[in-house]
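Here is a short briefing for a first look. Keep the sequence and the 3D view open as you read.

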Amino acid sequence: MVPEVMNGDGEGERLARGVGGIVGLRSYLEGKWVDGTGPEIPLRDPTSGEVVATVRAAGADLARALAFARESGGPRLRGMPFAGRAAILEGLAAAVHGARDELIDVSRRSGGTTRSDAKFDIDGASATLQAYAVLGRSLGERTFLLDGDAEGVLRSKRFVAQHVLVPRRGVAVHINAFNFPAWGMAEKAAVAWLAGMPVLSKPATSTSPLAVRIAELWVDTGLLPEGAFSLLVGPAGDLLDHLGPQDNVAFTGGSETARQVRGNPSIVAHNVRVNVEADSLNVSILGPDVSPGSDTFQMFVNDAVRDLTQKAGQKCTAVRRIFVPTAVADDAVDALVDRLSRVRVGDPAARETDVGPVANEAQRASVEQGLAALERAAVRVWRADAPERGSFVPPSLYRTDAGRDAAVVHEREVFGPVATVVPYSGAGDEVVSLAARGGGGLVASVYSDDPAWAGPVVLGLAPWHGRIHWGSQKVHDQSPGPGTVLATLVHGGPGRAGGGEELGGLRGLMFYMQRTAVQADRGLLDRVLGATS
Ligand code: NAP
């Protein structure tokens, strides 16, 4: 994933000192911005290939950085009521929003995003911080939460038990994927901070300039208590080896990296809480009741095209498999191709561009390998023209009539602007089983106006997905589509998708809090916790 390494005294050395607007990215550890050590990693604009920033491994004592966060940031955050933590989130949301245009520019230069794709990431960051600020304000002056009501223990009315939720005493370590450097960092941090835990965020190296700029803005607000926030740029180094029983890891990225994180000996030895958000072969399902040309059909086409093209298909929630009844398969392919043919691929700085490059050369190579595998299992029915220079991948649509047997289609996430149409008979149980062939996903979309067909399909898909998007005639023009993750709804999915769960309003805080049942005399408990019933 990470591009080539430069020699310490070559071009990179000059660039790191700020020549030509290129920045040497720094970590923020123990309340200070620190330069890395070792060879420089140049980060390039994926459109032009120019170096825009350089990164070095932090070279810092990460055990000490974690201890500083635990001992300094933790008590300060825990000492604040939810409303106080909410005020911090509100200020951080405003800082991101206030620098929106600058951040859009950083996103374009370091990630190749179009203006619209950059806004999706950056506005997602400020909106999630703001949503958790609103939630925090509603929780008021408390510093911990009660879970449910007090219940009598056995038959006693006097000896009762109350479940309480208190912030954990460690550090929330957040490891993020390259595709959402702003939103990914902010959504995890918002929840942990509101719960009362300090955060150490490690952005993916290739798109870290945007995360670093946001971190600078956050630090500059002066709102974050000392130790509440740390940022580690470059490789994770031995970070995970220093985690203990009160620490948490929230990881977003590929399944293979997730396995390494989960298998880290310190994590295993201390049962460190780990949440994983990983790959997903998200599905879009057209119901047999939907006629080509209807509003519901148009919604299906719009959502699929948006997902295939937005962020050049580099969204964990993007539609990868499109299941359509055999009877309308040709119509569905024609309608998708018709819409896709109007998509313009090119320089993300140009207003008319819909699809920019993928984030870097390594990513381009990985998508091209995936496309070569798809070519062996499916027929390409459309491909856009794309510039030859830069990390561009031509958006493409495939079709296979092999159903369950098209193994690559169901098992390989090609993380770029590509999806595959797979016809099915129209039977609900068949399409649920086809969807489950992906091994667990983040989101499934169903398009139908027939509750008798869609009901069992939605409930049949539910065990395999964290979210289901049911499109129909009456809401055809009211939905942001399946690819948009909302702070109030859970995000995550079983199996291949990582088995994790994030966000979901208050639900997201549970990961960062310890649920403890306290059994005691009702009167004494009331004095400590407030009214217990
Ligand atoms: P990746 O290569 O797995 O990297 C993810 C993160 O893990 C990066 O910050 C990476 O740092 C770090 N990392 C790599 N090796 C590590 C190790 N041994 N210990 C600790 N951290 C390590 O994934 P990616 O290419 O950035 O992201 C693309 C993948 O993420 C796709 O598969 C996509 O589906 C998935 N994704 C999932 C979600 C979701 O919510 N489910 C959201 C977005 C993306 P470096 O960059 O420094 O290597």
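L231 is in contact with R26, S27, Y28, L29, W33, M185, S201, P203, V212 and A215, leaving aside its neighbours within four places in sequence. The model is predicted. L231 belongs to strand β10, which covers residues 229–231.

**Around L231**

- L231 counts as buried because its relative accessibility is 0%, and buried means under 20%.
- L231 and V34 are 197 residues apart in sequence. In space they are 10.0 Å apart, C-alpha to C-alpha.
- Two contacts of L231, Y28 and W33, also belong to an aromatic cluster. That cluster is formed by Y28, W33, W193, W218 and F229.
- F229, a member of the cluster, lies within the residue range of β10.

- β13 (residues 282–286) and β18 (residues 441–447) pair in the parallel sense, over four bridges. One of the bridge partners is Y447 in β18, which faces L286.
- β18 and β19 also run parallel, joined by six bridges. Here S445 has H469 in β19 as its bridge partner.
- How does the chain cross from β18 to β19? It passes through helix α15 (residues 451–461), in a right-handed β-α-β crossover.

**The three-stranded sheet**

- Another open sheet has three strands, in the order β1-β5-β4. Its pairing is mixed as well.
- β1 (23–24) and β4 (37–44) are the edge strands, and each pairs on one side only.
- β4 and β5 (residues 51–57) pair in the antiparallel sense over six bridges. P42 has T54 in β5 as its bridge partner.

**Aromatic pairs**

- The structure holds 11 aromatic pairs.
- One of them joins F178 and F415, edge-to-face. Their centres are 5.8 Å apart, with 85° between the planes.
- This pair links distant parts of the chain, 237 residues apart. F178 is in the loop between β8 (172–175) and α6 (183–195). F415 is in the loop between α13 (407–411) and β17 (418–424).
- F178 and F415 are buried.
- Why does the pair of F511 and Y512 count as edge-to-face? The planes of the rings are at 75°, and planes over 60 degrees apart count as edge-to-face. The ring centres are 4.9 Å apart.
- F511 and Y512 are buried too.

**Charges over rings**

- R85 lies over the face of F82, at 4.6 Å from the ring centre.
- The charged end of K311 sits over the ring of F180. The distance to the ring centre is 4.4 Å.

**G140**

- G140 is in the loop between α5 (115–139) and β6 (145–152).
- G140 touches P81, F82 and A83, not counting residues up to four places away in sequence. Among these, F82 is the residue with R85 over its ring.
- Is G140 buried or exposed? G140 is buried, because its relative accessible area is 19% and the cut-off for buried is under 20%.
- G140 and T516 are 376 residues apart in sequence and 21 Å apart in space, C-alpha to C-alpha.

- E30 has a phi near 50°, a positive value in a residue other than glycine. E30 is in the loop between β2 (27–29) and β3 (32–34).
- E30 is buried, with a relative accessible area of 18%.
- N271 has a positive phi of about 50°, although it is not a glycine. Its place is the loop between α9 (265–269) and β12 (273–277).
- N271 counts as exposed because its relative accessibility is 63%, and exposed means over 50%.

Definitions and conventions. Residues are numbered from 1 along each chain as its sequence is written. This is a predicted model: local features need pLDDT of at least 70, side-chain atom pairs count only at pLDDT 80 or more; totals for chains, interfaces and linings use all residues. Side-chain values use heavy atoms; hydrogens and water are left out. Rings of Phe, Tyr and Trp (its six-membered ring) pair if their centres lie within 6.5 Å; planes under 30 degrees apart count as stacked, over 60 as edge-to-face and the rest as tilted. Helices (H or I, at least four residues) and strands (E, at least two) are DSSP runs, numbered from the N terminus. Buried means under 20% relative accessible area, exposed over 50%, partly exposed in between (1.4 Å probe, protein chains only). A charge sits over a ring if NZ of Lys or CZ of Arg is within 6 Å of the ring centre and within 35 degrees of the ring normal. Two strands pair if DSSP finds at least two bridges between them. A crossover is right-handed if, with the strands pointing away from the viewer, the path from the first strand over the helix to the second runs clockwise. Contact means heavy atoms within 4.5 Å.
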